[in-house]
Amino acid sequence: MPRIAVNGIDLYFEREGQGPPLLALAGMVSDSASWGPLVPGLAARFDLIRPDNRCTGRTRPMPCATGIDAMIDDCLALLDALCIDRAHLLGHSMGAAVALRLAMRRPDRVAAVVAMGAATQPNPLATAVFREVAALAGDTQDPGRFFRLLFPWLFAPAFFARPEAVHEAAAAALAYPHRQPLEGLQAQLALLDTPLPPLDLDAIGMPIYAIGGAEDRLVLPHSLRAAFDGKAEGLTMLADAGHSMHWDQPEAALQAIVAFLRG
């Protein structure tokens, strides 16, 4: 199984495809599987590398100390282990925060950054949502309730047009064999209390491309525009897409990512 020992953990990752290296970093509560809808299209064009962040998936131990700096160190160690000098970075939500700060710290290792649903400043709304919903993660009487209450913050309204689809998605999430345990979620939530240095997009010396969801309730469209307008090479808002835009609109997300990175 693809693992490397780095920084006190056994970091699990998936690797497929050929082409320029592309390191894809998942958001909070997610692991490498969260890129599922985009994997075939990205692997057809890139050397796609998808790690399980600390406290998620098959990375061990579970839980472990985590934080943005630790995840940046993990990414750099993974690139070193795979003998990759420079890579494109693709990050979603928390993964986008890691990608942008990795680029700021080590611009020599990064060719370009695609930031999806990225908050460049502290996001009290997202923090409050995750904290309140996480309080239900240990509900043994109705474990699916955690996902059913989280989904409205992740997906566009069209996702809820068929009520049974919500229950089917919650059942699939519960059946996922590498689902994040409660202690892993709690460790990630502690990350929200860690102050971060300001993110200076102007200081990042490579192309940045931002993608947002027009129906995103966690990183509001006007906040994304305020953060990236005039500072990124491009900014695309995907119609009928929420925070998990690559699940709501996978084809549109794939086309935007490929057009930027190949351009």
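Helix α2 has 14 residues and spans 20 Å from its first C-alpha to its last, close to the 20 Å expected at 1.5 Å a residue, where the expected span is 1.5 Å times one less than the number of residues. Helices here are DSSP runs (H or I, at least four residues), numbered from the N terminus. The model is a predicted one, in which local features need pLDDT of at least 70, side-chain atom pairs count only at pLDDT 80 or more, and totals for chains, interfaces and linings use all residues. Residues are numbered from 1 along each chain as its sequence is written, and side-chain values use heavy atoms, with hydrogens and water left out.

Because 10 of its 14 residues are buried, α2 is largely enclosed by the rest of the structure. Buried means under 20% relative accessible area (1.4 Å probe, protein chains only). The buried residues are I68, A70, M71, I72, D74, C75, L76, A77, L78 and L79. After α2 comes C83, which has a positive phi, near 60°.

A nonpolar core is a set of buried Ala, Val, Leu, Ile, Met, Phe, Trp, Tyr and Cys residues joined through side-chain atoms within 4.5 Å. The largest core has 65 residues, and those touching the most other members are L23, L78, L100, V113, I204, I208 and F228. Another core, of 25 residues, lies apart from it and includes A26, L48, M245 and V258. Neighbours within four places in sequence aside, I208 is in contact (heavy atoms within 4.5 Å) with L100, V113, L201, F228, A232, E233, G234 and F260.

The structure holds 1 cavity of 30 Å³ or more. On a 1 Å grid over the protein atoms alone, a cavity is a set of points where a 1.4 Å probe fits but cannot get out, a pocket is an open set with protein on both sides within 12 Å along at least five of seven lines, and lining residues have an atom within 4 Å of a point. The largest cavity contains about 60 Å³ of space. Its lining consists of L11, P51, D52, N53, R54, M71, D74, C75 and L78, with the largest share, 4 residues, coming from α2.

The second largest pocket contains about 200 Å³ of space. Of its 13 lining residues, A119, T120, Q121, P122 and S223 lie nearest the centre. Helix α8 (residues 221-228) supplies the largest share of this lining, 3 residues.

Key. Buried means under 20% relative accessible area, exposed over 50%, partly exposed in between (1.4 Å probe, protein chains only). Grid points are joined across faces, edges and corners, and a volume is the space filled by probe spheres set on the points. Helices (H or I, at least four residues) and strands (E, at least two) are DSSP runs, numbered from the N terminus.
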